[in-house]
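Take a moment to look over the protein before reading on. The paragraphs below go from the whole fold down to single residues.

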Amino acid sequence: MDWSDTTAAHWRSDVFGGGFERIEELPTIELDDLLEIDRQKDELVTNTRQFCMGLPANNALLWGARGTGKSSLIQAILNQFTSQGLRVIQVEKGSLSDIASITAKLVDRRYRFLIVCDDLSFDEDDDGYKQLKSALEGSVFASSANVLIYATSNRRHLITEYMRDNLSSTQSRGELHESEAIEEKISLSDRFGLWLSFHQFKQDQYLRVAEYWFKKLAQEHGLKVNWTQQLRQDSLTWALNRGVRSGRTANHFAKYTVGKTLLEHSENNI
């Protein structure tokens, strides 16, 4: 893989050990496009800047409600720091056992690599978390200062938790050391040095994001239209129907509304 002209790649596992597959097209989202998550942006930008400068930096876990900008923030980080030698490798959960192999292929490269695990979670009987935990503990990265892991998840503790985990050992599965079993479940997320939490937007936050994306898309397509009270109400109804106020929901509303308006203009001009 020629990383001089490759910004991001997938890791593909196979019987021969796996390899990198270049990602040809990447989202063009920028940090300025991500509103209402300034604290998370500032912390991840600082951590990534340290990393790109060869300074101490942390593996990061971005967790929280769906559609709130976790994956988009990592993509915007890549776009911001590509010129400083940052590269991204996307690794699926099923390929976490290859982390040692992936890291070995990146040692001594002059670039800085983020191994990105998106929408990460593990079931109770899933042993994949042990591979990730081992890497985060340092055994895999001991000889590679140019690799970090950035992971996103809807769960803070990554591993499914059950009501029985909160019951006493006599009421649950009867493990001899029940508290230790529970600690094992939540220990993985503790290995990430940087935790960033993302939450559903309040109504005023959501409306600001919806207005931003509507105006941005309208301008990109040469559509001259104002953000009206009716559009404001329509955006709230859209979010209500989706059951979540988030940046993703706002972006979807803007695409639908701008696209529909452009279509109507086109049909009226036929």
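Helices (H or I, at least four residues) and strands (E, at least two) are DSSP runs, numbered from the N terminus. This is a predicted model, in which local features need pLDDT of at least 70 and side-chain atom pairs count only at pLDDT 80 or more, while totals for chains, interfaces and linings use all residues. Residues are numbered from 1 along each chain as its sequence is written, and side-chain values use heavy atoms, with hydrogens and water left out.

Begin with the whole protein. It has eight helices and seven strands. Of its 270 residues, 45% are buried. Buried means under 20% relative accessible area, exposed means over 50%, and partly exposed lies in between (1.4 Å probe, protein chains only). The protein exposes about 14600 Å², and carbon and sulfur atoms supply 45% of that area. Accessible areas come from the Shrake-Rupley method with a 1.4 Å probe; for residues, only the protein chains shown count as cover. Now consider contacts, meaning heavy atoms within 4.5 Å. Take those between residues at least 6 apart in sequence: 77% of them join residues at least 24 apart.

Next comes the sheet. Seven strands form an open sheet in the order β2-β1-β4-β5-β6-β3-β7, with mixed pairing. Two strands pair if DSSP finds at least two bridges between them. The edges are β2 (19-22) and β7 (194-198); each has a single partner strand, so one side of each is left without a neighbour in the sheet. From one strand to the next, the twist averages 25°. Axes here are lines fitted to C-alpha atoms, for helices over the stretch in contact, and angles run from 0 to 180 degrees between N-to-C directions.

Look at one pair inside the sheet. Strand β4 (residues 86-90) and strand β5 (residues 112-117) run parallel and share five bridges. Glutamine 90 has valine 116 in β5 as its bridge partner. Helix α1 (residues 38-52) lies across β3 (60-64), β4, β5, β6 (147-153) and β7. It runs at about 150° to β7.

Now follow β6 to threonine 152. Is threonine 152 buried or exposed? It counts as buried, because its relative accessibility is 1%. Its contacts, leaving aside neighbours within four places in sequence, include Leu62, Ile74, Cys117 and Asp119. A polar atom of its side chain lies 2.7 Å from the backbone nitrogen of aspartate 119. A polar contact is a pair of N or O atoms within 3.5 Å; within protein, one must be able to donate a hydrogen and the other to accept it, and residues adjacent in sequence count only if both atoms are side-chain atoms.

Aspartate 119 sits in the loop between β5 and α4 (128-136). It counts as exposed, at 53% relative accessibility. Its phi is near 55°, a positive value in a residue other than glycine. Glutamate 36 also has a positive phi, of about 65°, although it is not a glycine. Glutamate 36 is in the loop between β2 and α1. It is partly exposed, with a relative accessible area of 25%.

Another loop, between β6 and α5 (178-190), holds asparagine 154. Which residues does asparagine 154 touch, not counting those up to four places away in sequence? They are Gly64, Ala65, Arg66, Lys70 and Asp119. Asparagine 154 and glycine 64 are 90 residues apart in sequence, but 4.7 Å apart in space, C-alpha to C-alpha.

Finish with the cysteines. Cysteine 52 is buried at 14% relative accessibility. Cysteine 117 is buried too, at 1%. A disulfide is a pair of cysteine sulfur atoms within 2.5 Å. By this rule, the count is zero.
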